Amino acid sequence: VIDAHLDLGGIIFDKKRKLESRIIEKYYLNSFKKSGLNFVVAAVYVESIYIPEMALHVALNQVNDIIEEIEACGDSLMLVRNCDDMDIALNEGKIGIIISLEGADPILNDIDLLSIFYRLGVRGLGLTWSRRNYVADGSYFGDPEEGTRGGLTPFGIQVIKKAEELGLFLDVSHLNDEGFDDLIKYTKKPFIASHSNSRDINPIRRNLNKHQIKALSDRGGVIGVNTYKSIVSLNKDQQNIGHICDHIEHIILESSDNNIGYGFDLCNLLFGSGPNVDVLDNHEESLKITEELLRRGHSEETLKKIIGGNFYRFFKRVL
């Protein structure tokens, strides 16, 4: 069972600076265990107020915070750096934490910083959050007044090539359409959309259109279905388990059941965002998605792929 996106870096960073400690143990560990979770991708998320001057400082603090939290949980968690670590986590009954940058803002325009983050244990790179950086333009949640959108910058092309060379997996969630097209052109390895849904079901730019779903699946990537309410639907009556399953079924229709997984993006604890921004209250409630998909007639084989098998195959290949 795998969740390909949780903003653990930002959440821990925020709560530690409010003098809290043992945040994973307090807020997540019990739910992780009840949901049967085996691996979670812990995103390093830097708020816009820290961009650009403090982005590196905050990101380094978050990487350190995540590692300290893993150590504080004793034998329950472990940092995953490679595919052998995934085997160790499963064999020893530990929950594996994979660290990813949600946006390349922390490396600014210094490509050597990418290697430093890799040495510190970071294994994933989301090119943007929903804003512009030195690498590319992000996909906005709404339709702000803006100038001409761009794809990957020359520096961005260097970054994705360096990431593939190092062994970092690339993540297109939050990247705009122009950047997605460039990524297809300039990369060779599979990549993921860790927390994105179908644009046909909810027509916002944060979601993937059918051509992107097809291109990502053709490359051998995986899409993590997002449970953040406004990404599930802009219609409040559709912000529910059933509509999450509609996204899953549509992505399967546009590709196959080999290219869909979970990237819940649970944000209820992120920077005081308040309750009820997510369809799911916690990871344990993800079992309701499984129940609904079974009710709709999906096979046990397909369910095993969705709840983690597809992402497991991807991470074993790229790490």
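Modeller: Start with a term: a nonpolar core is a set of buried Ala, Val, Leu, Ile, Met, Phe, Trp, Tyr and Cys residues joined through side-chain atoms within 4.5 Å. Keep in mind that this is a predicted model.

The largest nonpolar core here has 79 residues. Those with the most contacts inside it are Leu125, Leu127, Ile248 and Ile289. Take Leu127. Leaving out residues up to four places away in sequence, Leu127 touches Gly103, Ala104, Asn133, Val135, Leu152, Ile160, Leu170, Asp171, Leu175 and Leu183. Another core, of 17 residues, lies apart from the largest one. Among its members are Val80, Met86, Phe315 and Leu319.

Now to helix 13, which covers residues 300-318. Which residues of helix 12 meet helix 13? They are Thr290, Leu293 and Leu294. On the helix 13 side, the partners are Leu303, Ile306 and Ile307. Helix 12 covers residues 287-295, and its axis comes within 10 Å of the axis of helix 13. The two axes cross at roughly 155°. Angles over 145 degrees count as roughly antiparallel, so helix 12 and helix 13 are roughly antiparallel to each other. The crossing is right-handed.

Helix 13 also packs against helix 5, residues 83-92. Here the angle is about 135°, and the axes are 8 Å apart. That makes helix 5 oblique to helix 13. Helix 5 brings Cys83, Met86, Asp87 and Leu90 to this contact. Helix 13 brings Tyr312, Phe315 and Lys316.

Look next at one residue of helix 13, Asn310. Is Asn310 buried or exposed? Its relative accessible area is 1%. Buried means under 20%, so Asn310 is buried. A polar atom of its side chain lies 2.8 Å from the backbone oxygen of Asp257. Setting aside neighbours within four places in sequence, Asn310 is in contact with Val222, Asp257, Asn258, Asn259, Ile260 and Lys305.

To recap, helix 13 meets helix 12 through residues including Leu303. Helix 13 meets helix 5 through residues including Tyr312. Asn310 has its place in helix 13 as well.

Definitions and conventions. Residues numbered from 1 in each chain as written. Predicted model: local features only at pLDDT ≥ 70, side-chain atom pairs only at ≥ 80, totals over all residues. Heavy atoms only, no water. Buried < 20%, exposed > 50% of the residue type's maximum accessible area, 1.4 Å probe, protein only. Contact = heavy atoms within 4.5 Å. Helix = DSSP H or I, 4+ residues; strand = E, 2+ residues; numbered from the N terminus. Polar contact = N/O pair within 3.5 Å; in protein donor to acceptor, adjacent residues only side chain to side chain. Axes fitted to C-alpha atoms, helices over the stretch in contact; angles between N-to-C directions. Parallel < 35°, antiparallel > 145°, perpendicular 65-115°, else oblique. Left-handed = near helix turned anticlockwise from the far one by under 90°.
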